[in-house]
Each structure stands twice: as C-alpha cells, then as structure tokens.
Amino acid sequence: MIDTHTFLLALGIGNVAFAVLMAGYTWGGKPNPGLRLWMWARIGMGLSQLLGWMRPQGLALPPGIEGVGWIMAVSAEVAAYCLFFGFTRWGRLLLPITALSSAVVLAAGTMGASHGQLGTLVAGVVALFAAVMAWILLRPRRFSTRFAAGLRSASPLQLIIGVNDALFALAVAWSALGGITGDAPFGQGASHEFAYLMGYLLMIVNGFGFLLLCKQKDDAEMTRLATTDFLTGLPNRHAFLERAEQARLAAQRQRRPLALLMIDIDHFKQLNDRWGHASGDEALVVFARTARAVLREHETIGRLGGEEFALMMPGTGLEGAVQAAQRLRLAVREATVITSGPSYTMTVSIGVVVLDPNEDLSAALARADHALYAAKRDGRDRVEIGQPELRRA
C-alpha cells in the first residue's frame, strides 16, 4: 500500500523543483510564453500538493481551496500546451470551464461537502483537462498546400507525453468513479493508488517532456534560420545546393530526369538605383511569392544571392521544364511591384537545362547559367535552353 500522505509531499516538492529547474534553464533566454505558463502550472500544482500534505497536520484552509489549486494548475498546463501549439482561441473555452468548475468546488465546500466528495469532484475536472492535453499532443496536424492536403502524425516525443497524459486521465477518472461507487479517492483503494502512481509518472514525463518539446522547437527554428533566406523565405544558397545534390543522386538512382533552371530578375540594379532598396526588396518578395504559387510541391526554388534564383524540378524533362519556365515568366510579368513611383512591371530571364546522366551539379549549374546569360543578351524577359554537356573523347 502506498503512503499517500508522504506521496503528496514527494509530488509537491518534485513539481516545485521542476519549475525552479526550468526557470534556471530559461534564464536570460528568449521569452517563451508557453514555457513560462507551464512553470507557473508546475508551481501551482506543487503548492496544492504541499497544502494537501499539510492539511492532516492541522493546517486550516477554507473548504475547496486545495481543489481549486489543482484545477487552476492543470488548467494552466493545458493553456501552456495551447500556446506552444499555436491555438489562438483556447481562452474562450478553457477559462469559462476553469472558472465554473472552481466556483462549483468552492460552493460545494461552503455547503459542507466532505473532503472525499470534493476530491471526487476535483478528480473529474482534472481527468477532463488531462484528456484535453492528451488530445492536443496526439491529434494529427492537418496541413494543406495548393496542390496537396493530408495529415501529419504526432512526433515520437509527443506520443510519449500524450500517452502518459491519457493514462493519467484514465487513472484519475477511475479514481473519481471509485469515489462515486464507494472507493473514495482519498482512501487506500486500488484506483487511488494507481492515480497517484500515474501522477508521479506525469510529473517526470511531462516535466522533462515539455522542456524537450521547447528545445525541439527552438532547434527547428535555428535550422530554419540557418537554411532560409530571411527576406524571401526561400531556401538559401547552401540549403538549395544541398537539396539539389540530393535530388541529382536520386535522379541517377531512379533513372529519372532532373531539370535545373537559373533565374535572374531583369534590370534589378536600375530598380534599386531609381526607387531605392526598399523597392528592390519588394520585388524579391513578390517574385518569391509568385514562384511559390506557380510551382508544384516537389519543386524547389532557392535564392542563390542578390536577384539570382535557381529552381530544380525532379522528374521533369526538357519540354516540361520549358513550359514551367514560361508559366513562371508570364506570372512574374503579371505581378505588381509597389515602388515609390509608378507600378513596376518586373520581368525575369531564365536558363533551362536537364542534367545529363552522371553530370555533376556544378557543371549543370554552369550550363544553366550560360543559358541565362544568353537570355539576357538576346533581350531579357525570355527563356533559353542550355547547350548539352560537352563530352570528351
């Protein structure tokens, strides 16, 4: 049998210690509202558990205060997950439920409900909130693009935390049901012991789990910043060349074509000189937005530097690549670039090649670049096909 009185002390100290540890970890770092709210939730839960430990030793508390502490702490943890995963309207539902359930517990305590009855009521609310946390973590994230839509499964870390939350919700719900049927949740029944064991596991798993989720998110953001052009949001030179090399190797293995396009905005220096660099930046952003709207999901366009871009099209032959280049060229002409003067009609020149078998990426880029130069030399706002790779005898 579990000494639940001592168990409450261990849970209370553990939750407060986790909150202090997270506060030290995040000290001086980038503000994280979700993590800050999670720390307050841990502190609230720990203090509520310490109050529960102190109650049998003569601590006089208004009826229901301990239960309200549990409800508010778990509600704050739900809110932390909502903030972390980007739910914007969580307060419309969570706050009224928290306020209503807290008021009911306080009213029940004022009307003379026993500690066991209050515990059963609080256990039901806590089970509901724990189930919500499990749903937030385990639900698939729907994503959509112009060309495809589907479901992305939760990450392994989310699965571990979410399953733990689900088990905790079941354990606390079982404990609440035991209180209704006679196995009081603050007694020594099996349901009560299981709920406390799952509460201890929840403290450990959620404690480290939420921190790891935040670290994963920060690492992903750092990777994104390191591989993404800050102005256009497209892959930068390093990221594009890395993906293009992977696509080249895949095309060789699968014996499928791979088209490569070099793209340059015409008269970009004149645009900067005449209307300023803000207009030049606007042109780059408009081009990137236009390109993303025209291209298919598996095609990748990146900014190599300045006004120069590159596009790779896996599984596309020369004819399809030229057609795609023409679509992009016409779409760019129709896009509007706002300047300090009149509207500016932006045009692009494009060089197109299809990689030869066993051709290096650098050689293909050079051929595409030569074709781009020919397009500019012959009048700009046009598409040119690169010469085949010269083969040595």
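Is Trp275 buried or exposed, and what is its relative accessible area? Trp275 is buried, and its relative accessible area is 17%. The cut-off for buried is under 20%, so Trp275 falls within it.

A word of caution before we go on. This is a predicted model. Today's topic is the aromatic rings.

Start with the partner of Trp275. That residue pairs with Tyr344, edge-to-face. Look at where the two residues sit. Trp275 belongs to helix H9, residues 268–275. Tyr344 belongs to strand E7, residues 344–345. They are 69 residues apart, and the pair links distant parts of the chain. Tyr344 is buried too, with a relative accessible area of 16%.

Now the wider view. How many aromatic pairs does a search of the whole structure find? The search finds 8. One of them joins Phe84 and Phe85: the centres are 4.9 Å apart and the planes stand at 85 degrees, so this pair is edge-to-face. Over 60 degrees is what counts as edge-to-face. Phe84 and Phe85 are both buried.

One aromatic cluster brings together Trp38, Tyr81, Phe84, Phe85 and Phe210. Find those five on your screens.

Next, charges over rings. Which residue lies over the face of Phe84? Lys217 does, at 4.7 Å from the ring centre. So much for Phe84. Over at Trp135, the charged end of Arg139 sits over the ring. The distance to the ring centre there is 5.3 Å.

Notes: Residues are numbered from 1 along each chain as its sequence is written. This is a predicted model: local features need pLDDT of at least 70, side-chain atom pairs count only at pLDDT 80 or more; totals for chains, interfaces and linings use all residues. Side-chain values use heavy atoms; hydrogens and water are left out. Rings of Phe, Tyr and Trp (its six-membered ring) pair if their centres lie within 6.5 Å; planes under 30 degrees apart count as stacked, over 60 as edge-to-face and the rest as tilted. Buried means under 20% relative accessible area, exposed over 50%, partly exposed in between (1.4 Å probe, protein chains only). Helices (H or I, at least four residues) and strands (E, at least two) are DSSP runs, numbered from the N terminus. A charge sits over a ring if NZ of Lys or CZ of Arg is within 6 Å of the ring centre and within 35 degrees of the ring normal.
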